[in-house]
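Reader: I am new to protein models. Could you show me how to read one?

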Amino acid sequence: MLRQLSEPSILLVDDEPVNLRVLKQLLASDYQLIFAKNGEEAIRLATDRQPNLILLDIMMPGLTGFEVCKKLKAHAGTRHIPVIFVTALNDAHDEAEGFEVGAVDYITKPISPAVVKARVKTHLSLVQSDELMRTRLQVVQRLGRAAEYKDNETGMHVMRMSHYSKILATAYGFNEEKAEILLHAAPMHDIGKIGIADSIMLKPGKLTDEEFAAMKKHPEIGAEILGECDSDLLKIAKSVSLTHHEKWDGSGYPNGLKGEDIPIEGRICAVADVFDALTSKRPYKEAWTVEETLDFMQSQKGKHFDPALIDLLVENLPAILEVKNTWVDED
């Protein structure tokens, strides 16, 4: 029978053939199985075959399971693979050491078939959830890259303003998860520029009133591109795209939102975007100094920008400047 390409793969590692046979009987009907009889072979197969999950014995000749797990977690190519120890060692100290070296679970022998199946299913579902998040993130990043081809701005601008946004979000009170989502959503702020004509986007001189009116449609175009979805990442990206040109005093676009009616993620990205735009060189202007930029942005407290966020920008300037000096534009 042909296996489905989506069938998860599991690396089973044990120096006792009978233990491998027992696990094979339990799991072979649902998963692709890979077998290793010692630690060295396990590391090689994990590196070459990239299984979705590893069931690993501890007491083996040569490298112990603890040592194998340490090596897997120390290597960038394998550290993401979850490891479950399956072992006769049932002391609490051994279990604690297993988690300390990076395992996600610990099953003692003699095994319970129901327990093994349930633990494997649970951890593979977590792997699939992580993979879905990574895929969504990659799509967002590539869409962000597509927008850069329509603009005079650089990829480094997107990197800087995204990290500025995370710094401001954290200072504002976002938890780590929410701040990280904004970091990855912020590159989508100008995705709508994909829908603006090249004759406008690439025009070297000042835009006419009609051209500027067309340019001002890019937030709504971006929101339409991102659409309706259940992903928190894409929901925030859509909000950022739609609201990062709104202004605290209500004079922004496209909807003339005012004050706290502007979503916080839009207010944050507005500050991050303008700070980076002003302090960066562009074909049409020289870079402003940080001091000039801060003077201007403080003059816009309560007008363009949320006053609280300008205060946080100043308070977190060392972290902001560290980002600025890390992601430097190429000449």
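**Reading the features**

Author: Gln50 lies in the loop between H2 and S3. Keep in mind that this is a predicted model.

Reader: What is phi of Gln50 near?

Author: Most residues other than glycine have a negative phi, and most peptide bonds are trans. Gln50, which is not a glycine, has a positive phi, near 50 degrees.

Reader: Which residues does a cis peptide bond join?

Author: Pro110 sits in the loop between S5 and helix H5 (113-148). Another cis bond joins Tyr253 and Pro254, and its omega is about 10 degrees. Pro254 is found in the loop between H11 and helix H12 (264-279).

Reader: What is the order of the strands in the open sheet?

Author: Strands of a sheet pair through backbone hydrogen bonds, either parallel or antiparallel. Here the open sheet has 5 strands in the order S2-S1-S3-S4-S5, and the pairing is parallel. Strand S2 (32-36) and strand S5 (105-108) are at the edges with a single partner strand each, so one side of each has no neighbour in the sheet. On average, neighbouring strands of this sheet are turned by 20 degrees against each other, direction ignored.

Reader: How many bridges join S1 to S2?

Author: Strand S1 (residues 9-13) runs parallel to S2, and 5 bridges join them.

Reader: Which strands does helix H1 touch?

Author: Helix H1 (residues 17-27) packs on the sheet and touches S1, S2 and strand S3 (53-56). The direction of H1 makes about 160 degrees with that of S1. Helix H2 (residues 39-49) lies across S1, S2 and S3, and runs at about 145 degrees to S2.

Reader: How do I describe two packed helices?

Author: Two packed helices are described by the angle between their axes and the distance between the axes. Take helix H10 (residues 218-226) and helix H11 (residues 232-243): their axes come within 7 Å and cross at roughly 165 degrees. Angles over 145 degrees count as roughly antiparallel, which makes H10 roughly antiparallel to H11. The crossing of H10 past H11 is left-handed.

Reader: Which residues in H10 meet H11?

Author: From H10, they are His218, Pro219, Glu220, Gly222, Ala223 and Leu226; they meet Leu234, Ala237, Lys238, Ser241 and Leu242 in H11. By class, this contact has 6 nonpolar, 3 polar and 2 charged residues.

Reader: How far apart do the centres of domain 1 and domain 2 lie?

Author: The domain assignment gives domain 1 (9-130) and domain 2 (150-326). Their C-alpha centres lie 45 Å apart.

Conventions: Residues numbered from 1 in each chain as written. Predicted model: local features only at pLDDT ≥ 70, side-chain atom pairs only at ≥ 80, totals over all residues. Heavy atoms only, no water. Domains from an automatic or database assignment. Axes fitted to C-alpha atoms, helices over the stretch in contact; angles between N-to-C directions. Helix = DSSP H or I, 4+ residues; strand = E, 2+ residues; numbered from the N terminus. Parallel < 35°, antiparallel > 145°, perpendicular 65-115°, else oblique. Left-handed = near helix turned anticlockwise from the far one by under 90°. Contact = heavy atoms within 4.5 Å. Nonpolar A, V, L, I, M, F, W, Y, C, P; charged D, E, K, R; others polar. Pairing = 2+ DSSP bridges.
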